[in-house]
Amino acid sequence: RGGGVSTCATCDGFLFRDKPVVVVGGGDTAMEDALVLARTSSSVTVIHRGGTFRASHALASRVLAHPKITVLWNHTVAGFKGLDAAGTEGEEDFVPPRLTAVEVEPTEGTAGKKRRGEIECAAAFVAIGHEPNTKFLSGSGLAMGSDGYLVVTPGSTATSVPGVFAAGDVSDHVYRQAITSAGSGAMAALDAERFLSTSGLDSTPGGAKEEL
């Protein structure tokens with residue numbers, strides 16, 4: 001549905017086998033995505049706004065040494081170009097939107113020294129960091145890390161507030177996959193059930209609310 005713009009190389013990379021792709025970012029996630037995509041894509045271009053990677057030395061070295069990966073330093077993405085969808089979705093004649101190129105421009109202070117223009121590609125994978133949707137919990141007393149992720153007890157989904165459990169990307173800054181989120185959701189449900197049982201609260205619909 002992204003038309004070629006994605007945030008998950010492991011999820012969507014196989015869709016662009018033998019095609020040129022772009023990775024945006026310079027951290028560990030971008031390096032990992034570039035290496036994953038290099039296994040199947042015809043070429044990988046990493047676009048980074050700086051002149052050095054923020055990623056670990058080991059990952060950065062592997063990316064720089066890979067014959068299918070090139071790096072465009074000191075550039076940012078100015079836009080995405082592509083073809084609009086055609087036909088009616090769900091019908092045989094439907095053609096989904098498709099990315100054709102990424103527009104790039106030099107970062108401030110490098111204009112005229114670096115390449116500007118477009119990079120033709122079939123897909124662009126954005127790996128410039130993730131922000132968990134936890135701002136609405138500010139001031140709630142729930143412990144959060146400096147990056148905004150909820151802190152949970154190791155081996156559990158329990159947060160710093162008794163009776164509150166976290167599941168999915170609000171507490172997972174490593175995997176961030178639908179399947180791991182679903183698994184942690186099941187864990188949170190079991191933890192909540194156990195909390196109600198050990199607290200002596202009724203776990204039937206509406207029961208706990210009445211007792212509270």
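Analyst: Strands here are DSSP runs of E with at least two residues, numbered from the N terminus. The model under discussion is predicted.

User: Where is Glu108 found, in terms of strands?

Analyst: Glu108 is found in the loop that lies between strand 6 and strand 7 (117-120). Its C-alpha is 8.5 Å from that of Asn74, although 34 residues separate the two in sequence.

User: Why is Glu108 called exposed?

Analyst: The term exposed applies over 50% relative accessible area. Glu108 has a relative accessible area of 85%, and it is therefore exposed.

User: Which residues is Ala85 in contact with, leaving aside its neighbours within four places in sequence?

Analyst: With those neighbours left aside, Ala85 is in contact with Phe94, Val95, Pro96 and Pro97. Contact requires heavy atoms within 4.5 Å. For Ala85 and Val95, 10 residues apart in sequence, the C-alpha to C-alpha distance is 5.5 Å.

User: Why does Ser184 count as buried?

Analyst: Buried means under 20% relative accessible area. Ser184 stands at 14% relative accessibility, so it counts as buried. Its place is in helix 4 (residues 178-199). Apart from neighbours within four places in sequence, Ser184 is in contact with Thr157, Ala167 and Gly168.

User: Which residues of helix 2 are buried, and what covers them?

Analyst: In helix 2 (28-38), the buried residues are Ala30, Met31, Asp33, Ala34, Leu35, Leu37 and Ala38. Their cover includes helix 1, strand 2 (20-24), strand 3 (43-47), helix 3, strand 4 (69-72) and strand 8 (123-126).

User: What describes the packing of helix 2 and helix 3?

Analyst: Two packed helices are described by the angle between their axes and the distance between the axes. Helix 2 and helix 3 (residues 57-65) pack at about 40°, and their axes are 9 Å apart. Helix 2 contributes Asp28, Met31, Glu32, Ala34 and Leu35 to the contact, and helix 3 contributes Leu59, Ala60, Arg62 and Val63. By class, this contact has 6 nonpolar, no polar and 3 charged residues.

User: Is the crossing of helix 2 and helix 3 left-handed or right-handed?

Analyst: The crossing of helix 2 and helix 3 is left-handed. The term left-handed applies where the near helix is turned anticlockwise from the far one by less than a right angle.

User: What lines the second largest pocket?

Analyst: The second largest pocket has a volume of about 320 Å³. Its lining has 14 residues, and the closest to the centre are Asp33, Val174, Tyr175, Arg176 and Gln177. Helix 1 (9-12) and helix 2 each supply at least two lining residues; the largest share, 4 residues, comes from helix 2. The lining divides into 5 nonpolar, 6 polar and 3 charged residues.

Terms used: Residues numbered from 1 in each chain as written. Predicted model: local features only at pLDDT ≥ 70, side-chain atom pairs only at ≥ 80, totals over all residues. Heavy atoms only, no water. 1 Å grid on protein atoms, 1.4 Å probe; cavity = no way out; pocket = protein on both sides within 12 Å on 5 of 7 lines; lining within 4 Å. Points joined across faces, edges and corners; volume = space filled by probe spheres on them. Nonpolar A, V, L, I, M, F, W, Y, C, P; charged D, E, K, R; others polar. Axes fitted to C-alpha atoms, helices over the stretch in contact; angles between N-to-C directions. Buried < 20%, exposed > 50% of the residue type's maximum accessible area, 1.4 Å probe, protein only.
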